[in-house]
Amino acid sequence: MAGKLFVTCAVTGSSPMPAHPNFPFRPDHVAAEALAAAEAGAAIIHLHVRDRETGDPSQALDDYREVVGLIRAKNNEVILNVTTGPGCTWMQGDEDPAVCGPGTLMFTAERRLEHILDLKPDMCTLDICTMQLWGGVAINLDPMITKMGHMIQDAGVLPEIECFEAGDFVFADDLMAKGAIPKNVPFTFVLGTKYGLPATTEAMLYSRNQIPRGAQFTGFGVSRHSFPMAAQSALLGGNIRVGFEDTIYLRKGRMAQDNADLVRWGVEIIERIGADVASAGEARAMLGLKQ
């Protein structure tokens, strides 16, 4: 088990909004939740943005600019890890299976990375799965991901590889071998999606054993698996992720008040197993980011 582990807080996500009175979607509220999560001990903030009126997922550059600007106006140390996930969802049409149906959202590499190239955050996610997900298919094929990987690196941003199922680790090896992702790339294991890696001890250990020795990794579970998998990741020397993107509950029947509430529980898990919580500055050093 590592001596220092960092906490990532995913403050809002892009799934349908849950029934929570304090779920953030307006830019000022998302930024406020991010700042409070950092104050509570999160070294990394994982960001999505939403429409300020409806709360629906947004891909608008101005929304990203506003949220990042509000956070950076008050905190220059916390690591910002911004999503590039939107734009890879294909829904099959009812009448012709060869034609996409309602809900399809497929972007070019340039469109998926528009906000990354504009804002140049510390990090950005890079989903590399092609699988059934979100009621459709997430499509992230080699030509697209190779192009995105090079564009991200050319922008001076560190990609974080998100692995949803077993084949992703083989894909990551191939991407690394041809320089599409850097040698020091961190990994995140997403456990508990219906058709992906299960939220089990065995799956977490398997995932840890597939990545290069010494690579930084974060393991997390979705929904009710959030804190059990956070604890499992920490026990294996990995970092943890919490936040409203993954769950609004601390435990069954006990709703978290806000993202900071979830971060405090994550911090307590790390401390109770005998490790120390890394500050944002320490996490930067662990990841090889600029101080």
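Reader: What space, in Å³, lies in the second largest cavity?

Author: About 40 Å³ of space lies in the second largest cavity, where a volume is the space filled by probe spheres set on grid points that are joined across faces, edges and corners. The structure is a predicted model, in which local features need pLDDT of at least 70 and side-chain atom pairs count only at pLDDT 80 or more, while totals for chains, interfaces and linings use all residues. Residues are numbered from 1 along each chain as its sequence is written, and side-chain values use heavy atoms, with hydrogens and water left out.

Reader: Which residues line the second largest cavity, and how many of them are nonpolar, polar and charged?

Author: A lining residue has an atom within 4 Å of a point, and for the second largest cavity these residues are Thr8, His46, Asn81, Thr125, Glu160, Glu162, Thr188, Thr218 and Arg241. Ala, Val, Leu, Ile, Met, Phe, Trp, Tyr, Cys and Pro count as nonpolar, Asp, Glu, Lys and Arg as charged, and the others, Gly among them, as polar, and this lining divides into no nonpolar, six polar and three charged residues. The largest cavity is lined by Gln59, Tyr64, Thr84, Pro86, Phe107, Arg111, Arg112 and His115, with three nonpolar, three polar and two charged residues.

Reader: What is the volume of the largest pocket, and which residues lie nearest its centre?

Author: The largest pocket has a volume of about 970 Å³, and of the 37 residues that line it, Gly13, Ser14, Ser15, Trp134 and Glu245 lie nearest its centre. Its lining is made up of 15 nonpolar, 16 polar and six charged residues.

Reader: Why is the pair of Phe169 and Phe189 called edge-to-face?

Author: Rings of Phe, Tyr and Trp (its six-membered ring) pair if their centres lie within 6.5 Å, and planes under 30 degrees apart count as stacked, over 60 as edge-to-face and the rest as tilted. The whole structure holds five aromatic pairs. In the pair of Phe169 and Phe189, the ring centres are 5.7 Å apart and the planes stand at 70°, so the pair is edge-to-face. Because Phe169 lies in helix 6 (residues 167-177) and Phe189 in strand 13 (residues 187-191), this pair ties together parts that are 20 residues apart in sequence. Helices (H or I, at least four residues) and strands (E, at least two) are DSSP runs, numbered from the N terminus.

Reader: What makes the pair of Phe189 and Phe217 stacked?

Author: The ring centres of Phe189 and Phe217 are 5.2 Å apart and their planes meet at 20°, so this pair counts as stacked. Phe217 lies in strand 14 (residues 217-221) and Phe189 in strand 13, so the pair ties together parts that are 28 residues apart in sequence. Phe169, Phe189, Tyr206 and Phe217 form one aromatic cluster.

Reader: Why does Trp134 count as partly exposed?

Author: The relative accessibility of Trp134 is 47%, so Trp134 counts as partly exposed. Trp134 lies in the loop between strand 10 (131-133) and strand 11 (136-138), and its phi is near 60°, a positive value in a residue other than glycine. Most residues other than glycine have a negative phi.

Reader: What joins the side chains of Asp246 and Arg241?

Author: A polar contact of 2.8 Å joins them, the term being used for a pair of N or O atoms within 3.5 Å, of which, within protein, one must be able to donate a hydrogen and the other to accept it, while residues adjacent in sequence count only if both atoms are side-chain atoms. Asp246 lies in the loop between strand 15 and strand 16, and its relative accessibility is 9%, so Asp246 counts as buried.

Definitions and conventions
1 Å grid on protein atoms, 1.4 Å probe; cavity = no way out; pocket = protein on both sides within 12 Å on 5 of 7 lines; lining within 4 Å. Buried < 20%, exposed > 50% of the residue type's maximum accessible area, 1.4 Å probe, protein only.
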